[in-house]
Amino acid sequence: MVPKIRRGSRTHGLLVYLYGPGKRDEHVDAHLVGSWDGFAPDPGRDASPDPDPKVTLARLTAALDLRVKQAGRKAPAQHVWHCSVRTDPGDRELTDAEWNTVARRLVQATGLAPEGDPDGCRWVAVRHADDHIHILATMVRGDLRRPRMNYDFKKAQAECRRIEKEMDLRQLKPGDGTGAKTPTSAERFKAERTGRPETPRETLREAVRQALAGAATEEEFFTRLHDAGLRVKLRLAPSGDALGYNVAMPGDRNRDGVPVWFPGSKLAPDLSLPKIRLRLAEGPVDETTSSIAAGSRANWSPPARGRRNATGIAERAAILLDSDDCEAPAQLVGVGELLDVLAQTSPASTRAELGAAARSFERATRSHVRAEHADTRAIRAAARGIIQAGGALGRGEDGGTTAMVVSTLVLVVLAAARWHSARGHAQQAEASRQAAQHLRAAYRQAATAPMQALRDHGRALPEAERRTHEATIRAVLPGHGLRSDGETNTDALAATLAQAEQAGHDSRALLEKAIVMRELDTADDVNDVLVWRLRRLAQLPAHPGEVPRRPQADTRQTKPSANRTSTRTEPTAAARPDPRNRSPHR
């Protein structure tokens with residue numbers, strides 16, 4: 001049940017609309033379901049004392065505005081309080097009596113007409129459709145004072161949550177005021193009329209978010225907006241400095257032929273220019289100077305290398321979400337940027353689900369918890385690396401590394417859901433879980449070919465070698481949620497261990513290290529998660545058709561530790577290790 005509150009100054013004009021045919025003849029059988037005293041004239045159904053609905057409408061207007069006229073200049077300029085209340089499309093149809101109860105509870109909860117107060121404001125509730133009502137109240141009390149209307153929207157939302165539970169309706173998640181502004185009814189009707197799949201507000205919000213993802217400077221951000229085909233208008237101070245910006249869709253104009261502009265802050269709270277400047281203040285680190293990125297600089301294609309780098313950084317973000325409350329809010333913003341750039345650059349087979357995941361997770365990037373001294377340069381650099389590398393192919397190494405990073409991001413957004421749930425952020429937690437569902441669907445699409453190739457490779461191993469690796473799996477994994485009793489297919493995992501040994505790694509030590517890196521309880525398929533961790537740690541190709549690279553000799557000496565996830569060793573005086581072969585930071 002969704003309440004939407006507006007203020008106005010024309011009681012008669014609003015009643016004419018509510019009892020009229022509507023903008024598209026959608027109003028049917030308009031009538032009152034409730035009023036301040038239960039005896040208000042109803043232009044929709046009253047036939048006496050005057051059968052003319054216009055006369056009855058004028059009588060209703062006069063009754064509602066009586067106290068406003070008595071208050072004179074003391075009455076507020078916008079004396080009309082208008083609240084539309086709509087049920088979810090999946091909810092049952094409420095009766096008129098139930099809608100009367102809803103209306104009475106809302107005017108009581110917001111302070112318009114407290115229960116038992118004879119001086120409460122006058123109000124009516126009009127129903128002209130099956131799924132919603134409109135409450136109109138005039139904001140002057142019987143004692144000619146104004147009602148106390150502080151936080152009326154929050155109070156209405158809270159009361160709707162209680163009504164949903166008591167009337168067995170779909171229970172929506174309570175908000176915290178950080179959500180993006182929803183499209184208005186006029187915007188939705190216009191989108192339908194012009195054949196758009198979504199409103200310009202929603203299209204622009206996604207376009208601005210994608211232009212910001214991985215941008216290094218304010219100038220680059222605005223250049224990306226222009227490159228995306230948007231109209232951009234800056235609001236300048238007398239000094240010439242930009243104070244804000246507005247964007248518009250090409251061809252989107254109002255009835256006067258003027259472009260319909262949206263300020264960034266009206267698209268989403270974090271898309272205002274001051275908030276964008278805060279995000280860009282540090283700027284992403286150069287990928288070539290990042291120790292995390294250096295550990296992934298193998299001879300892969302640019303898109304594959306960018307995704308490998310992002311996988312390691314995403315794993316670190318998941319750790320911070322579970323352990324560092326100060327860093328978590330900033331990491332959520334960075335994860336949102338990773339999802340945005342993946343949605344732009346991934347193969348067509350996964351782009352739709354990744355785009356849906358990015359749109360869902362956008363809600364999870366904002367809350368009232370603020371980051372303190374958070375360093376997001378690494379995660380923003382990873383997003384920048386992906387966007388600069390360009391589009392990835394849906395096959396071979398590009399397709400395999402897409403599956404690799406998406407597999408990790410599933411665990412990251414589930415960590416975000418836990419973080420939000422622990423702090424009572426119901427909408428953000430639900431958005432994170434929805435993003436996880438879309439990411440799982442994208443993973444299934446991206447991983448089908450590489451995982452099948454890995455399973456075929458595992459089945460083709462010599463019998464003795466395959467049994468050796470299966471014994472290693474049985475010895476290491478039973479305590480970590482993966483059954484090795486024949487019910488779980490470990491062919492891909494065995495193939496990965498075989499390739500790791502071929503590349504010079506200690507397969508058992510590498511497997512143990514992959515296990516202690518992150519929890520595995522939230523993984524849909526522990527086998528898949530470990531395959532991708534191992535292939536990234538050992539710098540094995542994501543697709544088994546490529547030749548694995550042999551690491552430096554000191555990699556074999558790595559010892560697993562439950563308390564350390566880093567396997568970096570100090571260089572000896574005799575040799576300086578190749579920075580490409582250092583294990584990624586997690």
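**Figure 1. A salt bridge between D252 and K190 in the predicted model.** In this predicted model, D252 and K190 form a salt bridge in which the closest N and O atoms lie 2.8 Å apart. The pair connects distant parts of the chain, its members being 62 residues apart. D252 belongs to the loop between strand 7 and strand 8, whereas K190 is part of helix 5 (residues 185-194). D252 has a relative accessible area of 4% and is therefore classed as buried, the limit being under 20%. K190, with a relative accessible area of 23%, is partly exposed.

Figure 2. Three strands make up an open sheet in the order 6-7-8, and their pairing is antiparallel. Strand 6 (231-236) and strand 8 (262-263) each have a single partner strand and stand at the edges, so one side of each lacks a neighbour in the sheet. Strand 7 (residues 242-248) runs antiparallel to strand 6, and six bridges join the two. Within this pairing, R231 is positioned opposite A248 of strand 7. In general, the strands of a sheet are paired by backbone hydrogen bonds, in a parallel or an antiparallel manner.

**Figure 3. Helix 6 lying across strand 7 and strand 8.** Helix 6 comprises residues 200-212 and lies across both strand 7 and strand 8. Relative to strand 7, helix 6 runs at about 125°.

**Figure 4. The salt bridge between R145 and D143.** The closest N and O atoms of R145 and D143 are 2.9 Å apart in this salt bridge. R145 is partly exposed at a relative accessible area of 47%. D143 likewise counts as partly exposed, with 30% relative accessibility. As a general principle, side chains that carry opposite charges can pair when their charged atoms come close.

Figure 5. The side chains of R466 and E470 meet in a salt bridge with an N to O distance of 3.9 Å. Both residues lie in helix 17 (residues 463-476); because they are four residues apart, about one helical turn separates them. R466 counts as buried at 16% relative accessibility, while E470 counts as partly exposed at 23%.

Figure 6. The structure as a whole holds 35 salt bridges.

How values were computed. Residues numbered from 1 in each chain as written. Predicted model: local features only at pLDDT ≥ 70, side-chain atom pairs only at ≥ 80, totals over all residues. Heavy atoms only, no water. Pairing = 2+ DSSP bridges. Contact = heavy atoms within 4.5 Å. Axes fitted to C-alpha atoms, helices over the stretch in contact; angles between N-to-C directions. Salt bridge = Lys/Arg side-chain N within 4 Å of Asp/Glu carboxyl O. Buried < 20%, exposed > 50% of the residue type's maximum accessible area, 1.4 Å probe, protein only.
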